[in-house]
Amino acid sequence: MRWSQWYIPTLKEAPGDAEVISHKLLLRAGMIRKLTAGIYTWLPLGLRTLRKTAAIVREEMDRAGAQEILMPSVQPADLWRESGRWKKYGKELLRFRDRHDRDYCLGPTHEEVVTDLLRGEVRSYRQLPLNVYQIQTKFRDEIRPRFGLMRGREFLMKDAYSFDKDDAGADESYRKMFAAYKRIFSRMGLKFRPVEADSGSIGGNFSHEFMVLAEAGEDTIAFCNHCEWASNVERAAVRADTPAAPAECPAAETVSTPGQHTIEEVCAFLRTSAEKLIKTLLFSADGKPVAVLLRGDRELNEIKLKNLLDADDIVFASPEQVQAWTGAAVGFAGPVGLKDHCPEIRLVADLELKNSSDMIAGANKDDAHLAHVCLARDLAAEPEWADLRLITAEDACPRCGGSIGLARGIEVGHVFKLGTKYSEAMNAVFLDEQGQEKVMIMGCYGIGVSRVVASCIEQCHDDNGICFPPALSPFQVMLINLDPKKEESAAKADELCAVLEQNGLDVLLDDREERPGVKFKDADLLGFPCQLIIGGKGLARGIVEAKNRKTGERTELPLEGFAEAFLTWQKSVLDSWA
């Protein structure tokens with residue numbers, strides 16, 4: 001391939017609205033162009049990487065026994081109403097009506113469609129297990145699309161769906177997909193971690209996210225330094241090592257705290273630490289009052305709370321609701337006597353407080369707090385105890401007790417054990433060995449193919465541009481001809497290009513009439529793993545200069561016996577990615 005015949009509109013500077021490094025570099029390298037917010041056109045080089053990414057996914061899905069299909073992107077609302085997600089999914093679901101005034105949506109995912117497909121086709125246990133997948137464009141109407149391909153509205157996704165006759169079969173399907181995902185991201189040359197995760201709007205009772213480790217990641221993952229445990233912090237369980245309660249605690253007493261509303265203000269005023277405070281957070285959960293108790297220095301994990309309450313809508317209580325429920329202004333709520341003010345309020349507390357004693361909490365009076373609070377003694381009724389807080393780097397691993405670390409990650413894949421959430425709602429049943437009707441057990445497995453490309457660049461770049469892993473690079477070799485006008489140089493470049501292509505390599509020949517500095521900068525920007533440089537001085541000496549884009553190391557390859565010398569050198573380039 002010749003650069004002069006390709007559409008590669010590189011830019012010296014990234015557009016001002018490009019925020020993260022992958023967005024900047026994809027635009028500068030001429031791989032994508034923005035059409036509108038969250039929607040991008042893939043240009044030739046970007047499309048080559050996208051297709052190489054999809055090819056690896058497709059090969060490993062086929063290897064794992066999944067079968068490829070292609071489902072419509074336009075989905076009838078009736079299926080979503082049947083599953084119960086038409087209203088529950090929210091505004092990310094792009095809804096519209098056809099000329100007959102029938103409701104449809106653009107598919108963000110395909111659980112309903114695939115369940116509808118197979119409930120009409122699969123009738124016997126002999127047809128199970130079954131796993132089908134597709135690689136298709138999805139649309140989610142993000143409220144604030146940002147970060148280029150990382151948080152777009154339109155994107156390419158691989159979604160697979162397994163159907164089994166029992167839980168044992170569903171576990172085996174899940175295991176196969178988990179193993180396939182590990183092979184996929186390993187083949188791509190990415191540093192990743194599978195982590196325990198929340199199932200979100202997809203539903204289900206068990207899931208793992210596959211995270212590419214990168215500073216630009218929107219998610220934080222917790223991982224053990226001693227065992228293989230890792231989890232998204234949204235799901236990460238906190239080890240419940242609660243200390244024994246002190247033998248005695250003075251009687252609770254009211255202390256004046258005029259104008260001290262926040263944890264920081266109360267701590268400074270009473271000259272104590274945040275860990276001695278009980279933080280009382282008030283919420284409206286599906287319209288019902290809820291009070292959540294945490295230690296003052298902890299942060300609430302709202303995903304854990306939502307799962308505990310099994311609520312669709314959880315919002316902080318308004319100042320008017322706080323006043324009505326507690327009898328005080330915002331900042332003075334506390335658990336002691338709270339039910340006297342609001343008998344219907346649901347009281348839930350983090351496990352870390354279970355044996356707490358001699359604590360400080362709001363007094364449910366303006367400008368007042370209670371000192372010497374002991375929950376076991378001072379509450380008329382015991383609260384619901386649950387793990388409700390975010391894990392911290394100071395916590396112990398919930399699995400082995402070892403130390404943990406926190407890192408940023410980008411979600412590129414997600415595997416779910418759905419169970420019967422969709423098959424039961426949509427009556428996807430089969431006849432078992434005894435002729436009894438049973439509901440199929442489902443799994444769901446997604447990979448954001450276009451997001452993988454962005455995540456790869458977030459992880460694999462330097463100050464000069466992209467450093468593509470060999471498996472995902474648009475081309476494997478950038479062959480730079482410094483003297484394209486000279487007949488000898490042009491002929492030798494064509495000859496070496498042919499030799500490389502005969503050895504099965506993808507080569508882009510930079511035959512442009514540009515200054516060497518421009519070509520070198522563009523080569524580093526595009527980030528192909530191998531660079532070869534042909535110039536008059538090198539030809540006179542019988543050599544070609546070679547550069548490993550990742551390490552920057554340079555070497556000289558002889559023109560005589562070039563193919564063998566290059567393949568030996570290329571192996572060292574591949575080894576640098578191992």
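Modeller: A crossing is called right-handed if the near helix is turned clockwise from the far one by less than a right angle, and left-handed if anticlockwise. Please keep in mind that this is a predicted model.

Colleague: Which hand does the crossing of α2 and α6 have?

Modeller: The crossing of α2 and α6 is right-handed.

Colleague: At what angle do α2 and α6 pack, and how far apart are their axes?

Modeller: Helix α2, residues 44-63, packs against helix α6, residues 167-187, at an angle of about 150°. Their axes are 9 Å apart. With that angle, α2 is roughly antiparallel to α6, because angles over 145 degrees count as such.

Colleague: Which residues meet there?

Modeller: On the α2 side they are I56, V57, E59, E60, M61 and R63. On the α6 side they are M177, A180, Y181, R183, I184 and R187. By class, this contact of α2 with α6 has seven nonpolar and five charged residues, with no polar ones.

Colleague: How do α2 and α13 cross?

Modeller: The axes of α2 and helix α13, residues 449-459, come within 9 Å and cross at roughly 115°. The two helices are therefore roughly perpendicular to each other. This crossing, too, is right-handed.

Colleague: What are the residues in α2 and α13 that meet?

Modeller: T49, L50, T53 and A54 in α2 meet V449, S450, V452 and V453 in α13. That contact has five nonpolar residues, three polar ones and no charged ones.

Colleague: I also noticed R58. Where does R58 lie, and which residues does R58 touch?

Modeller: R58 is in helix α2. Leaving aside residues up to four places away in sequence, R58 touches E68, Y133 and I135. The relative accessibility of R58 is 29%, so R58 counts as partly exposed.

Colleague: How far is R58 from V477 in space?

Modeller: The C-alpha atoms of R58 and V477 are 24 Å apart, while 419 residues separate the two in sequence.

Colleague: Let us turn to the strands. In what order do the three strands of the open sheet with β4 stand?

Modeller: The order is β4-β6-β5, and the pairing is antiparallel. Strands β4 (74-76) and β5 (95-97) are at the edges and have a single partner strand each, so one side of each is left without a neighbour in the sheet. From one strand to the next, the twist averages 40°.

Colleague: How many bridges join β4 to β6?

Modeller: Three bridges join β4 to β6, the latter covering residues 103-106. Q75 stands opposite C105 in β6.

Colleague: What about β30 and β31: how many bridges join them?

Modeller: Five bridges join β30, residues 543-548, to β31, residues 554-558, and the two strands run antiparallel. I543 has P558 in β31 as its bridge partner. The hairpin of β30 and β31 has five residues between the strands, and G552 in that hairpin takes a positive phi near 80°.

Colleague: Is the peptide bond from L128 to P129 cis or trans?

Modeller: The bond from L128 to P129 is cis, with omega near 5°. P129 is in the loop between α5 (111-119) and β7 (130-139).

Colleague: Finally, the chain as a whole. How many helices and strands does the protein chain have, and what box do its C-alpha atoms fill?

Modeller: The protein chain has 17 helices and 31 strands. Along the principal axes, the C-alpha atoms fill a box of roughly 95 × 65 × 50 Å.

Colleague: What percentage of the residues count as buried?

Modeller: Of the 578 residues, 51% count as buried. As for contacts between residues at least 6 apart in sequence, 70% join residues at least 24 apart.

Key:
Residues are numbered from 1 along each chain as its sequence is written. This is a predicted model: local features need pLDDT of at least 70, side-chain atom pairs count only at pLDDT 80 or more; totals for chains, interfaces and linings use all residues. Side-chain values use heavy atoms; hydrogens and water are left out. Axes are lines fitted to C-alpha atoms, for helices over the stretch in contact, and angles run from 0 to 180 degrees between N-to-C directions. Helices (H or I, at least four residues) and strands (E, at least two) are DSSP runs, numbered from the N terminus. Angles under 35 degrees count as roughly parallel, over 145 as roughly antiparallel, 65 to 115 as roughly perpendicular and the rest as oblique. Contact means heavy atoms within 4.5 Å. Ala, Val, Leu, Ile, Met, Phe, Trp, Tyr, Cys and Pro count as nonpolar, Asp, Glu, Lys and Arg as charged, and the others, Gly among them, as polar. Two strands pair if DSSP finds at least two bridges between them. Buried means under 20% relative accessible area, exposed over 50%, partly exposed in between (1.4 Å probe, protein chains only).
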